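Here is a short briefing for a first look. Please view the sequence and the structure, then read the points below.

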Amino acid sequence: MRLSPSRSRLSRRRALALGAGAALALAAGFKPRAALATPDDVKKWLAGIGPGSPQGGKVTIGAPEIAENGNTVPITITVDSPMTEANYVKTIWMAADGNPAPGVARFDLTPANGEAHVEFRIRLAQTENVIAVAQLSDGSLWTASRPVKVTIGGCGG
Amino acid sequence: MASVETRLKVPSAAKKGEIVQIKTLASHPMVSGQTKDSNGKPIPRDIINTFTCSYNGKQVFKMMLEPAISANPFIAFPLRADQTGTLDFVWVDDNGAVYKDSAQITVT
């Protein structure tokens, strides 16, 4: 994918600085780190979303089956729903059950989006499950999850 | 703090009612707060925590980011083109720094 070059490209100096940073981060990644989230933490995190428990369906997560680099795992979330003023997807959450903290992101959508679909990239510390929850404008909660195998963990999620 | 650059991919023209894909990228290290420096001191968290997109002044999309979002956060989402106007994009990081970008879309 090519984004329009509306801003200047990386300077050599900045590229070097980034490289050095990456090396540091990599070194740090091999040290023991804080305890990772557990499925119980995810349950707690889910409870924090609001009342009611989500039912399976409507939500589709796109993720690689095997992510070689846990630092950038491409994710898509699509919710099967109209996007009209009367009936739309209000909020989508994502969590991961093996990261230092379960929360990954929250998206607030509007009917102006036309479709309920988001794309982004996440860090996964290890092989773990990613979980998406969507809340529709009628208040109903829907969920999906899928495992992602991670070859090299993203340091510290 | 390194300078943060933002990049957008927004179609310049669309038919009324068409759903277009908006792609954004901010060059930000997204320091998770989990890493340590060479002396073993934790590096304080510094991430972009909020991203919003407004269409002619009305917020149409918002993302709250956690440290589990990759460095140089890429965010893509659809938008129904219904009027000619401006898309304003705002990224806010943990230090309160605000980064802005905008794009024009002509709807016919």
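A nonpolar core is a set of buried Ala, Val, Leu, Ile, Met, Phe, Trp, Tyr and Cys residues joined through C-beta atoms within 7 Å. A residue is buried if 20 or more other C-beta atoms lie within 10 Å of its own, exposed if 12 or fewer, and partly exposed in between, with C-beta atoms placed from the backbone. This is a predicted model: local features need pLDDT of at least 70, side-chain atom pairs count only at pLDDT 80 or more, and totals for chains, interfaces and linings use all residues. Residues are numbered from 1 along each chain as its sequence is written, while chains are lettered from A and ligands numbered from 1 in the order in which they are written.

**Core**
- The largest nonpolar core has 62 residues. Ile92(A), Met94(A), Ile122(A), Ala132(A) and Ile69(B) touch the most other members.
- Strand β5 (residues 89-96) of chain A gives the most to this core, with six residues.
- In soluble globular proteins, nonpolar side chains tend to be buried together.
- Ile122(A) has contacts (C-beta atoms, placed from the backbone, within 7 Å) in both chains, leaving aside neighbours within four places in sequence. In chain A they are Val73(A), Ile75(A), Ala96(A) and Val104(A). In chain B they are Ala68(B), Ile69(B) and Ser70(B).

**Chain A**
- Chain A has two helices and nine strands. Helices (H or I, at least four residues) and strands (E, at least two) are DSSP runs, numbered from the N terminus.
- Of its 157 residues, 38% are buried.
- Among contacts in chain A with a separation of 6 or more, 71% join residues 24 or more positions apart.

- Six strands form an open sheet in the order β2(A)-β4(A)-β7(A)-β6(B)-β3(B)-β1(B), with antiparallel pairing. Two strands pair if DSSP finds at least two bridges between them.
- At the edges are β2 (59-62) of chain A and β1 (6-9) of chain B, and each pairs on one side only.
- In chain B, seven bridges join β3 (residues 19-26) to β6 (residues 74-80), and the two run antiparallel. Gln21(B) has Pro78(B) in β6(B) as its bridge partner.

**Ala116(A)**
- Ala116(A) lies in strand β7 (residues 116-122) of chain A.
- Ala116(A) counts as buried because it has 24 C-beta neighbours inside 10 Å.
- Ser81(A) is 35 residues from Ala116(A) along the chain, yet their C-alpha atoms are separated by 7.1 Å.
- Beyond four places in sequence, Ala116(A) touches residues including Thr78(A), Val79(A), Ser81(A) and Leu109(A).

Key
Contact = placed C-beta atoms within 7 Å.
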